[in-house]
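Visitor: I am new to this structure. Please show me how to read it, one feature at a time.

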Amino acid sequence: MSAPIIWILIPFVIGILIFFLADEYAPFIGGGLSMALALIALLIPIDTALLLGSLSIKISTSIEVLGRSFILSTADGMLLVMIYGVASLWFFGAYAANNAKRFCSLGLMIVALLTASIAVEPFLYAALLLEMAAMLVIPLLIPIYQKPGRGVIRFLIYQTLAMPFILFSGWMLTGVETSAGDLGATTQVGAMLGLGFAFLLGVFPLYNWIPMLMEEASPYVTGFLLWALPTFTVIFALGFLDRYTWITTSPQLSSAIQFAGVLMTATAGLFAAMQKHIGRMAGYAAIAETGLIVLAMGLRSTEVVNLTFLLLIPRGLELAVWALSLAIIKRKVYSLRLSEVRGLARKYPIAVFALLSAHLSMTGFPLLAGFPPRMGLWQELAGQSLSLSFWAFLGILGLLVASIRAMAVFVMAEEGTAWSINESWMHILMLGIGVAGLFLVGIFPQVLQFFLASLPALFEHLGR
Amino acid sequence: MNMIAWIIVGLMLVTSTVILINYDWRVSLGALGAQYLGVFFLSTQHLPFIMGAVKLIAGWMVVAVLGMTRLGLSGADNKSEETFLPRGQWFRVILVGVIALMAAGSTTRIEETIPGLGLQVVAGGLFLIGSGILQLGVTSDVLRITLGLLTMLAGFEIIYAAVESSVLVTGLLAVVNLGLGLTGSYLLISGAFTSEEYEEA
């Protein structure tokens, strides 16, 4: 059997089948399948024959569809472990969120399409698969009985606008390669490519749909979207940087990438500090973190790949814990405005603790998962530009202020309110695993080395 | 052949203007259907007939999906819900004129930069991209936003067909068009029912 069938076709088909199952089985099938796919990627290397007694197993690398190839090579193995491992957390967590069947069904199909985006050759066609995944997110965000808000419409528009820019700039890039030194053409391509990724990643000011979505859609689904799409977009962007090395060697383009990242982090951090809605705070925190990832990608360093993945891996965990906590709290209070969640620490102590842990982790608080990658990033960034470091630090400070405000409101209970645990055992289990993961990665960051050691092999030139 | 291609560009100018200024969804969808004929003709300047036909059929399927969905919804056109000012039709006609002038101005320069695309292909593609984006900027109605996205994508497809003739890309673009149509239909339907009505159905 070939790798694209195992990690793309099978989850996609099972995603469709889950839609016909009962609500209570969906998280276990979705989560179990994702876990199994992560384990297969971990235990069985792609394109290597394994002998089990008289049985020989070999997963081939590619399949051909309409004259083009979908290839998942040996180097993609660890990436697949990471993707399906984090996806399984989201699907198991769906048990605690509303409408698990729809989430697991569409979620699996989205992850399968996004995996196809890293497998397709030429890799430029990934833009089309990212657009398809974005369209599948829409029914997940808006239930059929809910009127679509501005956030979801903007999300659809921005993702659709990104695709032509990226496809066309990809075609233009081949021309630029053959006429190296043509400054006009380079500028045009850079602008088109930049616009495409600005729409995809939500670079300032194109991220306005994210806080809107956090208000109008389920926080759990929006959290999943904020994990899945940027993760694969970043891998796609790294593919561009690897294929067209002149982008990173050009000081202007490299500075533009860094500037975009810092602008995202600084503005999102400052906006987060001013929010009166904990969902919107989470949205801005996700934007700020995407900004840090963009900043890491723009570094003129051999550590680009390591730093980017060091930021990406804990992000999945942080967002999962944060979104699940928000979903649990939203069941109780309906609106996530600060005035509505006042004093909830005494009624939902575990959800509130998990939420604050995820929030503090995103601010880079010591002992939490977000701390080691930020340390690495500061170290590299401070060596290159102190002014960029200052603005990025300002954004992180904004997130910290937001977390302190949220904490103050959560503990502001009326006098005499008794402490009680209202989360279900499943909520406690899922949140417990998530928070334990945040501390584990924060205290022992070397556990990530297992992934990071092999991920640079995905790229030929980047980080070498 | 050149003259026919220019007539097709003119047809697309008319159809996209109709989509932009007309509030009757039946007329707008009819114009979109006619627009896909133009897309078919211009993309077959560089693509084989069959691949152009895929674009035409996918486009018409999108029109059918949107039409059937809108037909099933009660209520008048959303003219009153438009929040963008000014709303006048003449204002939009002037905007279309600006887009047409910009497209005409850019066409020769792009043809010089990328020779072989064909003036009609570039002009038609650029005009559709421009009017699609214009549509996105002047409306908040879901159907009209979907029409804007489809128009923009149609323009892109015309130009991209000249530089990329892969079967997979043509297939994926057709899926993206169908997906946009289905997503637009879903967004049109959503909110039309209460959760109780949905559970009963």
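**Reading a buried residue, salt bridges and an interface**

Guide: Start with one residue: Thr308(A) lies in helix 13 (residues 304-333) of chain A. Helices are DSSP runs of H or I, at least four residues, and strands are E runs of at least two, numbered from the N terminus. This is a predicted model: local features need pLDDT of at least 70, side-chain atom pairs count only at pLDDT 80 or more, and totals for chains, interfaces and linings use all residues. Residues are numbered from 1 along each chain as its sequence is written, chains are lettered from A and ligands numbered from 1 in the order written, and side-chain values use heavy atoms, with hydrogens and water left out.

Visitor: Is Thr308(A) buried or exposed?

Guide: Buried means under 20% relative accessible area, exposed over 50%, partly exposed in between (1.4 Å probe, protein chains only). Thr308(A) counts as buried because its relative accessibility is 0%.

Visitor: Which residues does Thr308(A) touch?

Guide: Contact means heavy atoms within 4.5 Å. Leaving out residues up to four places away in sequence, Thr308(A) touches Val234(A), Leu238(A), Ile293(A), Ala296(A) and Met297(A). Its side chain also reaches the backbone oxygen of Val304(A) at 2.6 Å.

Visitor: Where does Glu157(B) sit, and where is Lys55(B)?

Guide: These two meet in a salt bridge, 2.9 Å from N to O. Glu157(B) is in helix 6 of chain B and Lys55(B) in helix 3 (residues 49-71), 102 residues apart. Glu157(B) is buried, at 2%. Lys55(B) is buried too, at 7%.

Visitor: How many residues of chain B are in contact with chain A?

Guide: The contact joins 33 residues of chain B to 32 of chain A. Buried area is the accessible area (1.4 Å probe) that two parts lose on being put together, summed over both. Here that is about 3000 Å², 84% of it on carbon and sulfur atoms. In chain B, Leu168(B), Tyr186(B) and Leu187(B) lose the most area to chain A, together 20% of what that side buries.

Methods
Polar contact = N/O pair within 3.5 Å; in protein donor to acceptor, adjacent residues only side chain to side chain. Salt bridge = Lys/Arg side-chain N within 4 Å of Asp/Glu carboxyl O.
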